[in-house]
Amino acid sequence: MTKIPENPAERLMFEISKPGRRCVTFPALDVPEVDVDVALKGVKLRSEPARLPEIGELDLVRHFKNLADKNYSVDKNFYPLGSCTMKYNPKINVTLLAQPGYTKAHPYLPEADVQGHLELMYNLEHYLCEVSGLDEVTLQPAAGAHGELTGVMCIKAYFEDKGEADQRTEILIPSAAHGTNPATAAMAGFKAVTLKEAANGNIDIEELKKKVGPQTAGMMITNPSTLGILEPKMREIAEILHGVGAQLYMDGANMNAISGIVQPGDYGIDVMHFNLHKTFSVPHGGGGPGAGPIAVRKHLAPYLPTPRVKKNDDGSFSFDYNRPKTVGKVRSFFGNFGALVMAYIYMTQLGREGVRRMSQNAVLGANYIRVMLRDYYHVHHDRTNAHEVVFTDLKQDKENGVHTLDIAKRLIDYGIHPMTVYFPLPQNTGGQGAMMVEPTETESKESIDYFIDCMKKIAQECKDNPELVKTAPHTTPVSKVDEKTASTNPQLYCAMCLG
Amino acid sequence: MPFIQNTDEDRKAMLDAIGVASIDELYSDIPADIRVKEDGDKIRLNPSMGELEVTRHIDALLKKTRNANDFAFFRGAGIYNHHVSTLTDHIALYDGNFITAYTPYQPECSQGTLTTVFEFQSCTTALTGFEVSNAGMYDGASALAEAVMMGYRLTADKFRKETRETVVLAGAIHPEYAGTVKTYCETTGLKLVTVGAGPDGRVDADALKQAMSREVAVVAVQSPNFFGVIEDVESLVATTHENEANIVQVIAEPVSLSLLQTPAEAGVDICVGEGQAIGNHMFMGGPAFGFFASRKENVRKMPGRIVSETTDRDGRRAFALALATREQHIRREKATSNICTNQALCALRALIQLAAWGKGGFLELGKQIISKTQYARQTFGAIMGVELLYAESPVFNEFVIRTKAGLDKALQAQGIMGGIPLEDICMGEPGDYLIAITELTTKADIDSYASALADLLQTSDHGGKE
């Protein structure tokens with residue numbers, strides 16, 4: 001255990017606590033005060049009050065302000081975290097959301113009192129149908145992985161309906177896929193079968209043909225792939241899957257590259273999810289909340305979770321719970337509605353033209369970075385890429401013994417959040433550490449150029465002074481953190497919280 | 001274009017550097033015949049809107065709604081109309097360094113988020129009594145489903161030679177939670193058995209005993225339960241443990257932990273719950289977050305992100321994500337869950353709110369709610385034509401009344417959003433209402449609801465209408 005820091009601003013909230021302090025006070029009780037023991041008819045009570053901190057208001061504000069300032073964030077820093085789409089989060093999203101009409105909306109209000117909310121959900125479903133080119137959408141999944149699970153559940157229910165569930169036990173997943181794909185398949189009771197990519201990073205059609213069969217329930221494909229490459233043979237892949245009666249799931253994590261450019265439905269996919277916190281600018285919030293709606297083709301629509309939003313003949317909206325083939329509930333109520341509102345506000349502002357320009361500018365920026373840095377870092381697939389580009393540490397490793405993690409940490413010293421590192425996994429990047437860079441369309445050329453300059457400087461530092469890079473970061477509130485001990489000897493709560 | 005800063009000149013410079021004439025060339029991997037045309041109308045979205053138009057549009061949508069502020073409000077069932085401190089909104093919504101940061105994978109530039117997650121876990125420990133908890137789940141319903149899966153794994157791993165694949169949902173569990181557990185069980189092939197509530201609103205103890213067998217892996221119970229009744233958790237634990245199964249307690253109103261015995265003290269194996277009540281707005285039911293806690297020895301079976309204290313190279317205290325080998329990005333198909341993005345900002349809100357209440361405030365909050373709930377229960381119990389269901393059982397913040405059905409609209413016309421009609425959600429008979437109380441419920445609210453209901457009952461009796 002480390003010592004309690006001298007500066008109160010550096011302490012945990014429990015360490016600045018003092019009996020008798022508090023922020024919120026309540027109005028005097030306006031009903032007779034009861035004896036808790038009597039009122040609760042002798043049920044057992046906790047042996048002591050919960051050991052929450054006792055803090056005054058200024059100290060509370062200062063505590064969180066000091067913590068916030070230790071974070072890098074999109075508002076403060078270029079944040080080219082690949083596959084996460086760290087774009088600008090317009091302030092209007094939060095301002096419009098923080099109105100009582102939303103904050104005080106209860107899920108068990110009568111439908112007549114939430115018509116505006118139902119209309120928003122209905123409109124958002126329509127937008128996502130248009131962007132996906134698919135027929136129906138549910139907004140319920142809380143995040144991308146939750147959308148994956150919901151989509152795969154729909155596939156499973158579809159085969160159960162057809163009497164093929166016992167036969168179709170496998171889901172094909174490219175080896176470079178995000179870890180949520182195999183985890184989802186396993187969670188839904190399928191065997192995750194790995195597909196090796198071709199040397200150029202695309203799907204290996206021959207490998208696919210070998211592994212696909214009557215046992216295949218479906219394939220989960222990320223397009224553009226996690227290597228930042230558009231899959232040119234999407235239609236052929238869909239045909240192969242459909243040829244054996246299987247379904248094609250598209251992981252839409254990378255929709256920031258192709259929204260408004262192509263409707264994935266035209267590829268022949270059957271179901272996909274969106275990450276509204278990536279593509280449509282719901283703030284990431286330090287890890288969530290997001291929203292992971294899924295869009296499906298008509299034949300999968302009966303299986304979507306309940307309730308669905310329905311427009312009635314008189315123009316009113318209602319919830320439809322009467323869906324006999326539904327997979328059921330995947331979470332409570334209607335999804336992360338507050339997050340949906342923010343995505344809706346964003347999409348409404350973009351409109352048709354804006355969605356298209358979003359993708360175009362994202363792809364432009366990522367290709368620009370690839371070209372500008374190709375002489376300094378190894379590009380894993382040096383060809384036209386989509387909205388992100390994967391470099392590796394091949395050069396720096398071989399020539400200077402400097403690795404991806406070191407380069408990432410050194411970027412922090414230049415005021416830039418590191419790119420995604422070691423994803424895709426080394427097995428997908430020739431054994432080298434990946435550096436996946438996604439600038440997003442909301443960054444100016446000046447910010448991108450500054451990043452390029454910093455990366456060039458770091459490449460030079462790797463040659464001139466590798467120790468400087470390997471011991472980075474040098475400018476942060478803490479130096480390199482011992483992450484290993486965090487796992488081998490986890491300490492998960494402040495000792496002051498438990499008797 | 002909205003939010004894009006680059007000018008035509010910038011784009012031209014970037015295209016020149018890349019060596020292509022147009023952005024279209026960068027999309028050559030998409031077959032031309034399915035590429036959306038620049039000026040076509042294939043994708044039917046509105047023309048782009050500026051700040052003024054979108055504000056006007058959202059205002060128009062909101063005009064078609066009413067919310068808890070428009071009524072004396074008595075609806076809960078897992079989403080409660082508590083006061084949310086202005087501190088919580090200011091810090092969580094308007095400090096860009098929290099709301100626009102990503103998952104804290106790079107600890108050196110994420111100590112803010114990591115420290116708050118550690119503090120959040122510490123508060124979960126303080127509330128539940130458990131040594132381990134995570135950074136949060138999507139909501140109470142999915143947290144319960146994940147806890148059931150974890151409870152199943154714990155039992156199955158311990159008794160490998162037996163087939164223990166039955167899940168027992170015991171008593172009045174929130175229908176949204178039970179429905180979610182059902183979906184997860186169907187997908188994973190676990191058998192689901194439900195044990196109903198007895199006449200006192202609590203788990204039917206005899207039926208539970210009968211449902212227990214060596215096939216049962218995990219029992220799930222809600223306390224306070226969906227009807228507001230506080231379960232005898234200790235006896236349910238005993239029944240479950242006699243059978244060498246695991247028991248999960250789900251909590252829809254975490255403010256009840258201000259006073260009630262902690263799940264750890266009661267001996268449950270995993271405690272989960274819906275965190276909305278603490279610092280999160282209602283938002284039609286989300287986003288809020290699920291909390292998840294258990295005993296120390298179960299930490300490697302837990303789903304979700306976990307933060308641990310550690311040190312930096314110079315020996316200073318630091319925090320980092322821990323035990324990632326449980327998670328999907330490392331373990332892939334062998335992970336404890338597929339969860340990745342969670343509800344971090346909502347958990348941060350809960351942390352701020354708990355700190356703003358503080359130890360004394362949280363206790364006072366619980367006591368105020370109990371006093372107000374007792375007052376409301378007595379007030380309704382005294383109305384001719386209103387019966388208190390489960391009147392002899394202890395409740396914390398919610399209770400069920402049975403009265404004449406169909407008076408909801410008349411009450412709403414008087415500015416009263418009465419309890420949830422349980423018939424509508426298949427949890428009761430016509431005329432059963434689940435009434436929720438928070439610190440925002442005033443004596444005047446309760447009195448006006450009670451007297452309006454009494455008047456309506458009297459009028460309808462005199463009118464002879466059914």
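Predicted model: local features only at pLDDT ≥ 70, side-chain atom pairs only at ≥ 80, totals over all residues.
Which residues touch the most other members of the largest nonpolar core?

1. The largest nonpolar core holds 320 residues, and A343(A), L144(B), V148(B) and A220(B) touch the most other members. The largest share of this core comes from α10(A), with 21 residues.

2. **A343(A).** Look at this residue's surroundings. Setting aside residues up to four places away in sequence, A343(A) touches L124(A), L276(A), F280(A), S281(A), V282(A) and A291(A).

3. **The contact between chains A and B.** Chain A puts 171 residues into the contact, and chain B puts in 169 residues. On the chain A side, the largest share comes from helix α10 (residues 337-373), with 21 residues. By class, that side of chain A has 91 nonpolar, 48 polar and 32 charged residues.

4. **Helix α2 of chain A.** Helix α2 (residues 57-68) of chain A has 12 residues. From first C-alpha to last, the helix reaches 17 Å, close to the 16 Å expected at 1.5 Å a residue. Its buried residues are D59(A), L60(A), H63(A), F64(A), L67(A) and A68(A). An α-helix has 3.6 residues a turn, so residues three or four places apart point the same way.

5. **Chain B overall.** Chain B has 14 helices and 15 strands. Its C-alpha trace spans about 85 × 60 × 50 Å along the principal axes. Of the 466 residues in chain B, 62% are buried. Take the contacts in chain B between residues at least 6 apart in sequence: 72% of them join residues at least 24 apart.

6. **Domains of chain B.** The domain assignment gives domain 1 (8-63), domain 2 (69-83 + 358-463) and domain 3 (86-352). Taken over C-alpha atoms, the centres of domain 2 and domain 3 of chain B are 29 Å apart.

7. **Where domains 2 and 3 of chain B meet.** Domain 2 of chain B gives 26 residues to this contact, and domain 3 of chain B gives 25 residues. On the domain 2 side, α12 and β12 (398-402) of chain B each supply at least two residues. Helix α12(B) gives the most to that side, with 5 residues. By class, the domain 2 side has 18 nonpolar, 6 polar and 2 charged residues.

Notes: Residues numbered from 1 in each chain as written. Chains lettered and ligands numbered in written order. Helix = DSSP H or I, 4+ residues; strand = E, 2+ residues; numbered from the N terminus. Buried ≥ 20, exposed ≤ 12 C-beta atoms within 10 Å, placed from the backbone. Contact = placed C-beta atoms within 7 Å. Nonpolar A, V, L, I, M, F, W, Y, C, P; charged D, E, K, R; others polar. Core = buried A, V, L, I, M, F, W, Y, C linked by C-beta atoms within 7 Å. Expected span 1.5 Å × (residues − 1). Domains from an automatic or database assignment.
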